[in-house]
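Below is a short report on one protein model. Look at the sequence and structure first, then read on.

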Amino acid sequence: MTTGYVFHPEYLWHDTGTSAGLLPANPTAGVQPAVHIENPEAKRRTHELIHVSGLLGELTVIEPRRATMTELLRVHTPAHVQHIRTQSDLRQGGDAGDGFSPVGHGSYDIARLAAGGLIALVNAAAQGDITNGYALTRPPGHHATADTGMGFCLFNNIAIAARHAQTTLGLTRIAIVDWDAHHGNGTQAIFYTDPTVLTISLHQANCFPPDSGWTHENGAADGAGYALNVPLPPGSGHAAYLHAMHQVVIPALDRFAPDLILLANGVDANVFDPMARQMLTATSYREMTSLLVDAADRLCHGRLIAAHEGGYSPFYTPYCALAFLEELTGTTTRVTDPYAAVVAGYTAEPLRAHQQAVIDEAAHLVPRIGKREITTAP
Ligand code: 9RB
Ligand code: ZN
């Protein structure tokens, strides 16, 4: 078993500029300029920890390339691609569409390198060069819809990789799991009427985008039943997420029997993240990943390809991502979570009734997924 890893310094050069966290700076209105919350630091430190821990030496490093226009246009409208390109050409950059998604000067090429990095991993998995893999990319992708960027996202990297896998690699059934703290609305919208792509999003209820990601958003037309949402209440942690994995994500994957599992690996549901109010720890990500790796082994030759999404704590994101990547690789490193003692009590938090209620609601929708016999098992 080999784990692929994609990283490129250009990912850190995507310039989100000065902001007051997530708000555009506006001194006239008393909004003091500071660094944008989606800045390189958490990802740089994640990459450095992967290196320093020794894990990098265990990985198959794969060089990303830029996604082509053809590849972008399988998901996005020509107008959106052109918009990102023209914003990126501006000397000061611009915005991807919602006023909260900075496009730095030159970010068009970097966003194409992010989407292309995921494509490179999917290619390597299809060829059997790797079993699973992780693309530590910026900018993120899961909020971007066909025709607009939003929530810091320019192009929907995972959707582009999914369409690539279907169109050129013969991987017809794709499951997209998204455990970023925010709703994977862009990915859901792109595949909402498509029964060949199952989207499953676990997220903090009504966090971002507003009023998005409710359980009743369950797919439409031919895709009815093929979008699942688990809008977990604020304050959900280890027990709630593990329960959702056992009751919703894994049973849904088993019914769907994908040829490939893609994961939007946002780690911003960790307890230290400034952009959500969930309570996961590195141990939580390790255990959730273990369940997904087992499902991928059972269903699709282990093919599990992950893209980085959110994760804004510069000091804790790296340990969540390392735990995830250790679990993909099936090894541990000499680095253990130095915050483990601080967060030890959090994994003991019991499942609460209001958390269980939404998980049960989502679990009741799993049988709407047409059951497919596994034909690709090893
Ligand atoms: C603002 C709004 C947000 C809020 C959260 C994110 C998280 C992204 C992420 C992005 C943009 C709204 C400032 C709505 O981590 N995704 O995985 N912007 N939120 N209105 N206003 C004024
Ligand atoms: Zn997020």
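Which residue in β5 does Y5 stand opposite? Y5 stands opposite V61.

## Basis of the model

This is a predicted model, in which local features need pLDDT of at least 70, side-chain atom pairs count only at pLDDT 80 or more, and totals for chains, interfaces and linings use all residues. Residues are numbered from 1 along each chain as its sequence is written, chains are lettered from A and ligands numbered from 1 in the order in which they are written, and side-chain values use heavy atoms, without hydrogens and water.

## The sheet

An open sheet is formed by 8 strands in the order β5-β1-β8-β13-β12-β9-β10-β11, with parallel pairing. Strands (E, at least two residues) and helices (H or I, at least four) are DSSP runs, numbered from the N terminus. Two strands pair if DSSP finds at least two bridges between them.

β5 (60-61) and β11 (227-232) are at the edges with a single partner strand each, so one side of each has no neighbour in the sheet. Strand β1 (residues 3-6) runs parallel to β5 and is joined to it by 2 bridges.

## The zinc site

D180 (OD), D180 (OD), H182 (ND1) and D268 (OD) coordinate the zinc ion (ligand 2) at 2.0 to 2.8 Å. Donors are N, O and S atoms within 2.8 Å of the metal (3.2 Å for Na, K and Ca); water is not among the atoms, so sites may look incomplete.

The donor residues follow the spacing D-x1-H-x85-D in sequence. D180 is in the loop between β9 (174-178) and α7 (185-190), and D268, 88 residues apart from it, is in the loop between β12 (260-265) and α9 (282-300). Both D180 and D268 are buried, meaning under 20% relative accessible area, with exposed over 50% and partly exposed in between (1.4 Å probe, protein chains only).
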